[in-house]
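Notebook open, structure about to go up on the screen. I'll jot things down as I look them up.

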Amino acid sequence: MFDTLNDPVGSLIVDAAERHVPVLLAEVLDFLEPARGGLFVDCTLGMGGHAEALLDASPSVVVIGMDRDAESLNLARERLSRFGDRFTAVHADYRGIAEVLSERAPGRGAAGVLADLGVSSHQLNEAERGFAFSKEAPLDMRMDRSTGDTAADLVAQLDEEELAHIIYIYGEETRSRRIARAICRERQREPIATTTRLAEIVARASGIPRHKQRIHPATKTFQALRIAVNSELDKLDDFLRDAVDVLAPGAGWR
Ligand SMILES: C[S@@+](CC[C@H](N)C(=O)[O-])C[C@H]1O[C@@H](n2cnc3c(N)ncnc32)[C@H](O)[C@@H]1O
């Protein structure tokens with residue numbers, strides 16, 4: 001599910017209660033049929049909403065929840081502690097699903113695998129993570145803050161053509177060239193280190209009059225940088241193949 005891929009990162013306001021409402025929950029339960037029991041892998045645990053519903057569906061459900069975001073993992077671990085050893089949280093990229101399963105449940109096939117791709121509302125709402133431009137924060141955007149380049153690194157290091165390409169391909173931003181040009185010009189004056197500074201540069205460069213702005217003019221650029229920072233679209237085909245391979249015989253067919 002690419003439900004959150006097009007989040008209007010500047011304007012999304014989700015209160016604490018809403019954070020815990022997982023998307024398409026009825027559809028997920030209908031499709032995965034957890035009432036039959038078994039081992040389920042939630043590859044994008046987030047705040048643990050889907051995992052909780054799977055675990056609640058039957059006492060014979062066991063869930064391995066994976067996320068590359070250690071903070072989300074801790075929050076989900078706390079939320080799901082009442083399930084005891086029926087729930088295991090693993091700090092890992094879902095592209096490592098085969099290794100995680102062979103370590104945590106050797107020889108056991110999964111009854112179902114869930115991937116709810118994208119950024120979580122928790123990540124968007126924590127200003128200091130740098131995903132949103134509604135508040136000033138360091139331009140980070142890494143889902144796994146223990147590794148890799150930040151958005152500020154990309155904005156500082158990529159050349160104009162590379163930036164334009166990323167903004168166009170991952171953001172579907174038709175004004176990508178002029179935005180990339182403005183970023184390269186402005187970073188010479190002073191490094192672009194915060195969300196709000198980048199948003200201002202993009203808004204000015206986009207040249208869209210305020211009354212014609214349906215979304216904030218920096219929304220697509222922020223989405224593009226987030227996808228690039230987290231390599232969100234890399235090796236998805238390998239992941240899908242591995243996700244099918246870890247299924248138990250007969251799983252997934254109704
Ligand atoms: C849309 S949220 C999932 C929300 C979750 N289903 C819930 O009910 O709260 C997506 C989550 O996937 C995680 N994520 C994104 N890419 C990932 C990857 N390659 N490996 C593991 N987790 C990833 C993000 O850190 C985020 O927590």
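Is Asn74 buried, partly exposed or exposed? I counted 13 other C-beta atoms within 10 Å, so Asn74 is partly exposed. My cut-offs: 20 or more other C-beta atoms within 10 Å of a residue's own means buried, 12 or fewer means exposed, and partly exposed is in between, with C-beta atoms placed from the backbone. Asn74 sits in helix 3 (residues 70-79). I also checked Asn74 against Arg95, 21 residues apart along the chain: their C-alpha atoms are separated by 20 Å.

Ground rules, before I forget. Residues are numbered from 1 along each chain as its sequence is written. This is a predicted model, with pLDDT of at least 70 needed for local features and 80 or more for side-chain atom pairs, while totals for chains, interfaces and linings use all residues.

**Overall**

I get eleven helices and four strands for the protein. These are DSSP runs numbered from the N terminus, helices being H or I of at least four residues and strands E of at least two. The C-alpha trace spans about 60 × 35 × 30 Å along its principal axes. As for burial, 43% of the 254 residues count as buried.

Next I took contacts, meaning C-beta atoms, placed from the backbone, within 7 Å. Among those between residues at least 6 apart in sequence, 66% join residues at least 24 apart.

**Domains**

I have domain 1 as 33-118 + 235-245 and domain 2 as 127-229. The bounds come from an automatic or database domain assignment. Their C-alpha centres lie 32 Å apart.

**Helix 2**

Which residues of helix 2 (residues 49-57) are buried? I noted Gly49, His50, Ala51, Glu52, Leu54 and Leu55. Those buried residues pack against helix 1, helix 3, strand 1, strand 2 (61-67), strand 3 (87-91) and strand 4 (112-114).

**Helix 7 on helix 10**

Helix 7 (residues 160-171) and helix 10 (residues 219-229) pack at about 100°, axes 8 Å apart. Axes here are lines fitted to C-alpha atoms over the stretch in contact, and angles run from 0 to 180 degrees between N-to-C directions. That makes helix 7 roughly perpendicular to helix 10, a label for 65 to 115 degrees. From helix 7 I listed Ile166, Ile167, Tyr170 and Gly171, which meet Lys220, Thr221, Gln223, Ala224, Ile227 and Ala228 in helix 10.

**Helix 8**

Arg181 lies in helix 8 (residues 176-189). With 14 other C-beta atoms within 10 Å, Arg181 is partly exposed. How far apart are the C-alpha atoms of Arg181 and Glu161? I get 8.7 Å, for 20 residues along the chain.

**Positive phi**

Leu24 is not a glycine, yet has a positive phi of about 50°. Leu24 lies in the segment before helix 1 (25-32), and its 13 C-beta neighbours inside 10 Å make Leu24 partly exposed.

Glu33 also went on my list, with a positive phi near 45° in a residue other than glycine. I found Glu33 in the loop between helix 1 and strand 1 (38-42). Glu33 is partly exposed, with 16 other C-beta atoms within 10 Å.

How values were computed. Two residues are in contact if their C-beta atoms, placed from the backbone, lie within 7 Å. Angles under 35 degrees count as roughly parallel, over 145 as roughly antiparallel, 65 to 115 as roughly perpendicular and the rest as oblique.
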